[in-house]
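Visitor: I would like to learn how to read a few features of a protein model. Please start with the charged side chains.

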Amino acid sequence: MAAIGELIDGKYEILSLVGEGGMSRVYLARDRRLNKLWAVKEVNRAADGPGGEVVSQSLVAEANLLKRLDHPMLPRIVDIVEDNRTVLIVMDYVEGKSLRRVLRETGRPMEERAVIDVGAQLCDVLEYLHTRNPPIVYRDMKPGNVMLREDGAVKLIDFGIAREYKESALADTSILGTRGYAAPEQLARGAQTDARSDIYSLGVTLYALATGRSPADEAFLRPLREVDPRLSEGLELIVAKATRANPGERYQSCAQMRHDLLNHEKLTEGYRRGLRRRLRRFNLLRGLAAALGAAAVACLASSFALKRATYEARLADARAASAVSEAGGESEAERRCLLAIDADPARPEAYAELVGNVYKADQRFSMEEAARLQALMDRRRVSIRRSPAYAKLCYDVGILYYVYFEQTGEGEARAYAASAGAQAAQWFRLAADAYDERAATGAACTLTPSERRAAEAYVVIGEFYRRLSQATLEGNEGLAYEEYWDSLEGAFRCLSDDDPAIVRLRLCALIQGAVSSPTYLGGFRRAGVGREAAEALLKGAVGTARSLAEEAASSETACVLCDSVVSGEGSAMAAIEAVYGGAGARARGAQGGEAP
């Protein structure tokens, strides 16, 4: 068991025990190098006998599963530390409270609108898991595994029993899940679980949140409005359908369930009776159908016109308003962008204005602004993700982090690794995935193929520092440095004259910082990168910076970056000489020697 104050792997200081259950514990830890808080999940192999090894293997499987996922409602894995005694997984520390704790502390059910909002968010993350290839079944949805942040966004935690679903699998081999929340098929040996099992558990979870009751209560899962008549008929119908014993009678996808949650007021019997009455009246007035149809079209057009006019007026107000905020709060331009988004969440222009102009108006993307943007995208992702501009929006958010996010640490490479890199990588991955999804169906996409390639390179750059420690533990250090080098070259090749000067300069500074570091150069050399390749990439970065000197003069940040790249050429060349001496070129040939 880790001790408070203990230093793990020379960098993670254990601060406190956050929680424990079953055969694992979760600690709050501080990364001394990055001054950042992480959650550390631990299993003590020796203390738990033969079963400990099984659980530790499950824990590592959980980490490997999460490493392949990229969704704002899922925690990121940043490191794995193993020895003969323990397995520790370092991951995002999620600030907030579990829904179980929220219910216990308030002593009352959640308000219905909050239940519906939480349910819609959980449908979104489960739909993401279920649509992976192969699909992933979570299998342990319950209030204790859902963290609620102060901004209302949720995070799904504890993937200890999730598994990939394969059609060829005949049946599960063990009873997994939490009794009361697990679907009936999870509790029967030999039965098959799939996405509908998660839908059942989600229905039970929403029931618990809306009533404040637990599966231990005798009357648990009685019709919702028998427990609380104030709850809506629509929510009662949704929960009842989600928790049917027969999987074929439940919702068949979380997307269907989410749609009903967001339209729960339309599921009542009174609403359906009203629809039937209107249909009868329509049939009686069939002779006036043409006139009524024309009137309906006119009204609809008028409604769309009003919605469009409202959106465009608010967007115009945002573009005219000041983008400078006071004391880290929202600026007037940001508030008006949010009003435009509320008017039509599916249109991309207001998001683009917010990301492309408002947040970088002061040449600085603050942590407060980042938190507000993350909360906005968590709420509006389903509305905007079908837009042809969604991939480009994600790419631009990645650039926002990459170029303007508050930098910390010593040196350009360390600053990037410590702050912007991990956040930017998430958004670049979303951009690449959205591009690929639209390309697979032939749908329009405003992200260019060159930007798609650049996004992939930036993902590798951002993840390099997180993966380096793990690669070192595995004795595979050269592979990590080789991928990092390839990503630097790849990103540099993707630069074009259409990219803003500060974007090009940020990459040049990153290259100059990496090539100036004897540690990195040593890693590059072991990975097969030769002296000529290192010199060529450095000269390409310096040449690009020199060509941008005049353009960079209009921005203080760009000017500093330009000066640092150009003035640092000598020290970088000295570092190359010290590491390589007379070493030859990379076997694959020097690449990236000139600006594209």
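Guide: A salt bridge is a side-chain nitrogen of Lys or Arg within 4 Å of a carboxyl oxygen of Asp or Glu. This is a predicted model, where local features need pLDDT of at least 70, side-chain atom pairs count only at pLDDT 80 or more, and totals for chains, interfaces and linings use all residues. Residues are numbered from 1 along each chain as its sequence is written, and side-chain values use heavy atoms, with hydrogens and water left out.

Visitor: How many salt bridges does a search of the whole structure find?

Guide: The search finds 38. One of them joins D124 and R385, with the closest N and O atoms 3.5 Å apart. D124 is in helix α3 (residues 112-130) and R385 is in the loop between α12 (367-384) and α13 (390-404), so the pair links distant parts of the chain, 261 residues apart. Helices are DSSP runs (H or I, at least four residues) and strands likewise (E, at least two), numbered from the N terminus.

Visitor: Is D124 buried or exposed?

Guide: Buried means under 20% relative accessible area, exposed over 50%, and partly exposed in between (1.4 Å probe, protein chains only). D124 has 7%, so D124 is buried. R385 is partly exposed because its value is 32%.

Visitor: Which residue forms a salt bridge with R230?

Guide: The partner is D228, and their closest N and O atoms are 3.0 Å apart. R230 is exposed at 73% relative accessible area, while D228 is buried at 13%.

Visitor: What does the salt bridge between D342 and R380 tie together?

Guide: Their side chains meet at 2.7 Å, N to O. Because D342 lies in helix α10 and R380 in helix α12, the pair ties together parts that are 38 residues apart in sequence. D342 is partly exposed, at 47% relative accessibility.

Visitor: Which residues are linked in a network of salt bridges?

Guide: The network links R429, D433, D436, R452 and E456.

Visitor: At what angle do the axes of α4 and α7 cross?

Guide: Axes are lines fitted to C-alpha atoms, for helices over the stretch in contact, and angles run from 0 to 180 degrees between N-to-C directions. The axes of α4 (residues 195-211) and α7 (residues 254-262) come within 11 Å and cross at roughly 25 degrees. That makes α4 roughly parallel to α7. Angles under 35 degrees count as roughly parallel, over 145 as roughly antiparallel, 65 to 115 as roughly perpendicular and the rest as oblique.
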